[in-house]
Amino acid sequence: MTAPTETTNAVDFVVRRDDLARTDFVPRTLPTLADNEVLLKIDAFAFTANNVTYAVIGEMMRYWEFFPADDGWGRVPVWGFAEAAASRHPGVAKGERFYGYLPMSTHLVVRADHVDDAGFVDVSPHRTALPPVYNRYLKTTADPGYDPEHEAAYMLLRPLFGTSFLIDDVLQEREFFGARAIALSSASSKTAIGLAALLSARAGRAYEVVGLTSPSNAAFVSGLGYYDRVVPYDAIDALPADRPTVFVDMAGNGAVRDAVHRRCRDQLRYSCSVGITHYEAMVPPGPDLPGPTPEFFFAPDRVQQRTRDWGPAELQRRIGGALQQFLGHADRWMRIVRGRGQADVTRVYRTMLAGSADPAEGHILSL
């Protein structure tokens, strides 16, 4: 058990909660560790459209509460790797490496509890009432989905693929609502790609997997090999409307959602709202929207359900096994781009916020 012998200086990347385009870097002096606290030095983190979603719905879903900042500012949550730079918990050793939920910062102080061979849970008072799935830090040696040869892809895809797996699980449990077509908006997003990979791999499936995407990304989506049909947003009238259909909305674009509902009408058996990659076009559904009322899918709720059903180890085993297969093919369509320092972090954040990122790129950042 070790404790820092001198003051540690940290840097946080922060954004205005009421104007996500305003950003800053704030220096911070970390306090001396208390009993059971651990100082994590953040090595690297992934940044995707999913992290923009965390910011967009940060108030509604309490994402800003995980890593508090000064009034009016927020620290966008990300997923990545960190090393225990100092520890005052006997079960966490200096130098141990963990994967988990982190701020866009150089350091994070956590309060470790429920320590076991797989990792620990942060029980800092401000986090205990938040969804527990985000408070678990995993040792890389204990995660069945971890593969050191695909570490960058793992960092990018593990949380996104977890959501993909859980949506697929819900659809399978409900027998795909009898659908003959499953349409995914923002089909170039990594969560949609993971879901499409799972859906398309199912033997004997009665449905086709349809990717809805921008015209500029249509060629990329077609080349993935996971979608049976690709429909650009400006051609939604080409979406088949004569068969039972499920809509999984990763975009959150009100115009796209309304167009799909009006095209499919009574043939739309289920509409699921997952992400907000088009946050600037987010509009709540109106009372006259045809078809079923869109249901919001919140992955932590499904994690809790399946943890009760299967147990935590079995849930991680199932996700990890599927993830390893997915990671094995990721280099076929994803190019890793690494950035370091404040300029790179700002550039990638602004590009992702604007929705202009190349879907073939996966960004790994460090401060």
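Colleague: Happy to look at this with you! How many Å² does the accessible surface of the protein come to?

Modeller: Accessible areas here come from the Shrake-Rupley method with a 1.4 Å probe, and for residues only the protein chains shown count as cover. Carbon and sulfur atoms hold 48% of the surface. The accessible surface comes to about 15,600 Å².

Colleague: Before we go on, what kind of model is this?

Modeller: Residues are numbered from 1 along each chain as its sequence is written, and side-chain values use heavy atoms, with hydrogens and water left out. Local features need pLDDT of at least 70, side-chain atom pairs count only at pLDDT 80 or more, and totals for chains, interfaces and linings use all residues, since this is a predicted model.

Colleague: Thanks! What radius of gyration does the protein have?

Modeller: The radius is taken over C-alpha atoms, and the globule rule is 2.2 Å times the number of residues to the power 0.38. For 367 residues, a compact globule would be near 21 Å. The protein agrees with that, at 21 Å.

Colleague: Is Asp249 buried or exposed?

Modeller: Asp249 lies in strand β13, which covers residues 245–249. The relative accessible area of Asp249 is 4%, so this residue is buried.

Colleague: Now the loop between α2 and β10: what is the phi of Glu175 in it?

Modeller: Most residues other than glycine have a negative phi. Glu175 lies in that loop and is exposed, with a relative accessible area of 64%. Its phi is positive, near 55°.

Colleague: And what relative accessible area does Phe177 have?

Modeller: Phe177 is also placed in the loop between α2 and β10. Although not a glycine, Phe177 has a positive phi of about 55°. Phe177 is partly exposed, with a relative accessible area of 22%.

Conventions:
Helix = DSSP H or I, 4+ residues; strand = E, 2+ residues; numbered from the N terminus. Buried < 20%, exposed > 50% of the residue type's maximum accessible area, 1.4 Å probe, protein only.
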